[in-house]
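Here is a short tour to read alongside your viewer.

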Amino acid sequence: MPLYHTEDQAMLADTARQFMADEGAIARQLRHFRDIGCKDGFGHTLWKQFAELGLTGILVSEGDGGLGMGHVEAGIVLEEIGRNLTPSPFLTSAVMAASALADASAELKGRYLPGLLSGDSVFALAIDEGKKHRPERIATRAVRSGNGFSLSGAKDFVVHGSSADMLVVAARTAGADDDAEGITLFAVPRDVAGLSQDAVRLVDSSMATHLRLDNVQLDADAVIGEVDGGREVLDRVLSAGRVGAAAESVGVAQGSFDMTTTYLKQRKQFGKLIGEFQALQHRAAHLYSEIEIARAATIKAQQLLDAGSDKADLMVSVAKAKAGKAASLAVKEGVQMHGGIGMTDEYDIGLYMKRDRALAEFMGDMFYHADRVAKLSGY
Amino acid sequence: MSELEAFRQEIRAWLEENCPPEMRQPVHDEDDICWGGRHFQFKNEAQKLWLTRCAAKGYTVPDWPQAYGGAGMSPAQAKVWREEMNRIAARPPLSSFGIWMLGPALLKFGTEEQKVHYLGQIARGEIRWCQGYSEPGSGSDLVSLQTFGEDKGDHWVVNGSKIWTSYANKADWIFCLVRTDKANKYQGISFLLFDMESEGVSTKPILLISGYSPFCETFFDNVKVPKAQIVGELNRGWDVAKYLLGHEREMISGAGGGDRLTTIGAVLNRAGLEDPLLRAELAMFDVDALAYGAMGEKFLDEIKVGKAHPAQPNMMKYAGTELNKRRYELLMAGGGSASLEWESEASDGGSRARGWLRTKANSIEGGTSEVMLNVISKRILDLPGA
């Protein structure tokens with residue numbers, strides 16, 4: 001399959017670009033909800049608009065009422081989200097939770113998919129335990145209790161946790177904390193007894209929670225997939241999240257880069273446009289090539305994931321690490337090349353820097369993923 | 001079965017039948033590369049057989065038209081061809097500047113007669129070409145070149161010298177930038193083709209830091225070039241040169257990536273990796289290299305259907321060559337003192353150290369990294385005054 005978008009995908013990209021540039025623009029969404037101190041950190045009206053375009057069901061099969069598309073298409077939407085810094089639960093709900101629900105029972109799908117498709121529901125993932133993304137180690141326990149399970153443990157960096165109607169929780173039903181096997185995924189409703197969340201606002205104005213589970217009682221039908229066999233589903237959810245975050249990072253990088261090159265063509269110093277200085281031109285040109293390469297790696301990973309290739313794991317980590325590197329460079333160069341005004345809240349370039357920082361941590365940073373590339377390569 | 005799948009089966013069966021087992025071994029040294037030409041010494045029968053069989057089917061240049069010695073494959077078919085070649089690790093039957101550089105320029109700018117004549121020779125591996133571009137006083141500032149062709153009615157008389165002419169001492173013909181109008185800088189250069197056995201042509205190899213001499217100085221002393229041997233219009237050779245440089249940059253950029261998934265960390269790990277900081281550097285490098293591999297694939301896919309930015313080869317060249325230099329820095333560090341050996345059998349005649357030194361030219365030849373960044377700034381980013 002060629003590594004560029006098909007005609008259908010290019011049409012989707014046009015739609016997503018227009019939609020996000022109009023409705024999801026920085027002033028309209030990110031700044032607005034930040035400035036009013038919104039407890040969700042995003043707007044539900046916009047989320048309904050996502051649903052009206054069918055985007056909330058982008059990864060949901062046609063049989064289940066969705067668009068039945070793949071990671072390439074989800075990535076197209078995410079790149080536009082990144083470019084406009086649009087706050088939304090798209091990545092956690094429509095990409096990651098939807099990937100988990102694809103393996104769920106008809107009962108669970110019936111309970112949660114309609115809300116996703118209509119844009120009434122928001123979902124979150126409770127995977128990380130601790131400050132860094134280390135999903136190889138899961139200590140949260142689920143022990144058999146009555147007809148179901150009792151969950152206890154703590155989760156961190158639960159993005160959109162306090163806004164979520166349902167949380168996908170990864171817990172251990174067997175084995176030791178570091179075992180690959182013995183994991184089970186649960187669909188946990190927000191209002192269940194024993195679940196508490198401590199909401200925190202992050203540097204990019206998005207909301208996450210520290211989540212506690214104290215003997216949370218769940219029926220057996222809350223299990224997504226197989227008991228003790230959740231690692232495979234979890235890996236699929238992680239891949240979806242990582243490649244999705246990579247696509248969003250590419251968008252962040254591109255948005256920041258476009259702002260910066262525009263500025264280089266406007267700002268005058270020493271009687272010249274600063275874009276005439278070779279010291280800046282070469283840095284901009286280098287950055288251009290890094291972003292292009294990151295986008296190529298991301299599309300490659302999306303395609304391999306959609307094709308179910310055994311090389312997908314490796315490329316997903318390459319994409320997450322490379323997109324993270326490119327975006328990090330893009331925002332740093334962006335602020336530096338804007339000079340003093342790059343430090344002001346009035347200019348958007350700093351917002352890109354903040355979003356990049358949060359996105360870098362989400363689902364593993366470049367160091368985690370470079371290490372994973374090494375391990376998958378046998379060193 | 002789709003048409004493309006049927007095509008794949010056909011190619012697979014043909015390769016199975018026709019690619020000699022010796023040609024499915026990795027390229028080990030310079031001798032293993034078949035460059036073709038009047039004086040080419042085949043390393044073995046298999047190399048010769050592989051060239052002959054491929055040339056007969058047009059497979060040395062699969063996507064060129066059949067009329068000019070190719071197989072007339074569509075972009076999708078050519079990709080299948082590459083994939084099937086990679087699947088059995090087959091060596092390219094023929095490598096040449098004719099295929100990579102002159103061929104594409106002739107396809108775009110050549111007359112019908114030139115295409116039939118020269119492209120056919122290239123496809124069959126009969127003539128080995130070299131490129132006469134840089135001059136002692138004209139490196140990055142190529143357009144200042146001074147080699148002059150004096151108009152003598154039905155021919156030019158060429159005088160001057162070129163430098164960094166790759167394999168000039170082994171080439172049969174040269175494609176050469178020659179000034180034909182001293183008053184016009186850009187529109188005073190013509191793109192001429194001539195035989196290296198012409199009277200007045202001489203070459204002198206240049207010894208490099210790697211200990212090899214792949215480049216030559218090339219001298220022209222009253223060389224007679226018939227008027228029919230011009231490509232494109234008189235004084236418009238710069239257009240041809242720029243087009244061709246794009247292909248050269250594509251070729252050099254290929255050195256850094258390609259559609260492969262073997263990581264350098266895995267290669268070095270076979271000999272043991274004890275240093276955690278080196279491992280970390282390797283991992284970060286492998287991320288960049290694998291990502292660049294995807295970029296290479298995307299770039300090829302896009303260029304075949306005209307979706308790539310016309311100046312994108314400059315980005316590929318820049319990123320690919322910088323990556324290749326980093327690769328060799330890490331290989332040297334990973335190899336420790338063993339990689340310093342220059343002549344021993346164990347070091348295969350110092351192949352790693354020589355290879356490391358060779359890579360330093362990657363970001364100089366065919367346009368320096370700095371020139372590439374200038375071109376990206378101007379043509380892709382549209383930055384002012386660039």
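## One residue to start from

In which strand of chain A is Ala170(A) found? Ala170(A) sits in strand 4, which covers residues 166–172 of chain A. Bear in mind as you look around that this is a predicted model.

Is Ala170(A) buried or exposed? Ala170(A) has 27 other C-beta atoms within 10 Å, so it is buried; the cut-off for that label is 20 or more. Setting aside residues up to four places away in sequence, Ala170(A) touches Ala126(A), Ile127(A), Ile138(A), Ile183(A), Leu185(A), Gly230(A) and Leu234(A).

## Chain A as a whole

Zooming out, chain A contains 11 helices and 10 strands. Its C-alpha atoms fill a box of roughly 80 × 50 × 40 Å along the principal axes. A compact globule of 379 residues would have a radius of gyration near 21 Å, and chain A agrees because its own value is 21 Å.

Of the 379 residues in chain A, 57% are buried. Among contacts in chain A with a separation of 6 or more, 74% are between residues 24 or more positions apart.

## Helix 5 against helix 7

Now for a helix pair. The axes of helix 5 (residues 90–101) and helix 7 of chain A come within 8 Å, crossing at roughly 155°. Angles over 145 degrees count as roughly antiparallel, so helix 5 of chain A is roughly antiparallel to helix 7 of chain A. The crossing of helix 5 of chain A past helix 7 of chain A is right-handed.

On the helix 5 side of this contact in chain A are Leu91(A), Val95(A), Met96(A), Ser99(A) and Ala100(A). They meet residues of helix 7 of chain A that include Val233(A), Val237(A), Ala240(A), Gly244(A) and Glu248(A). By class, the residues of this contact between helix 5 and helix 7 of chain A are 8 nonpolar, 3 polar and 2 charged.

## Where chain A touches chain B

How many residues does the contact take from chain A and from chain B? There are 35 residues from chain A and 35 residues from chain B. On the chain A side, the elements giving two or more residues are helix 7 (230–264), helix 8 (278–306), helix 9 (312–338) and helix 11 (366–376). Helix 8 of chain A gives the most, with 14 residues.

The side of chain A that touches chain B is made up of 20 nonpolar, 8 polar and 7 charged residues.

Notes:
Residues numbered from 1 in each chain as written. Chains lettered and ligands numbered in written order. Predicted model: local features only at pLDDT ≥ 70, side-chain atom pairs only at ≥ 80, totals over all residues. Helix = DSSP H or I, 4+ residues; strand = E, 2+ residues; numbered from the N terminus. Rg over C-alpha atoms; globule rule 2.2 N^0.38 Å. Buried ≥ 20, exposed ≤ 12 C-beta atoms within 10 Å, placed from the backbone. Contact = placed C-beta atoms within 7 Å. Nonpolar A, V, L, I, M, F, W, Y, C, P; charged D, E, K, R; others polar. Axes fitted to C-alpha atoms, helices over the stretch in contact; angles between N-to-C directions. Parallel < 35°, antiparallel > 145°, perpendicular 65-115°, else oblique. Left-handed = near helix turned anticlockwise from the far one by under 90°.
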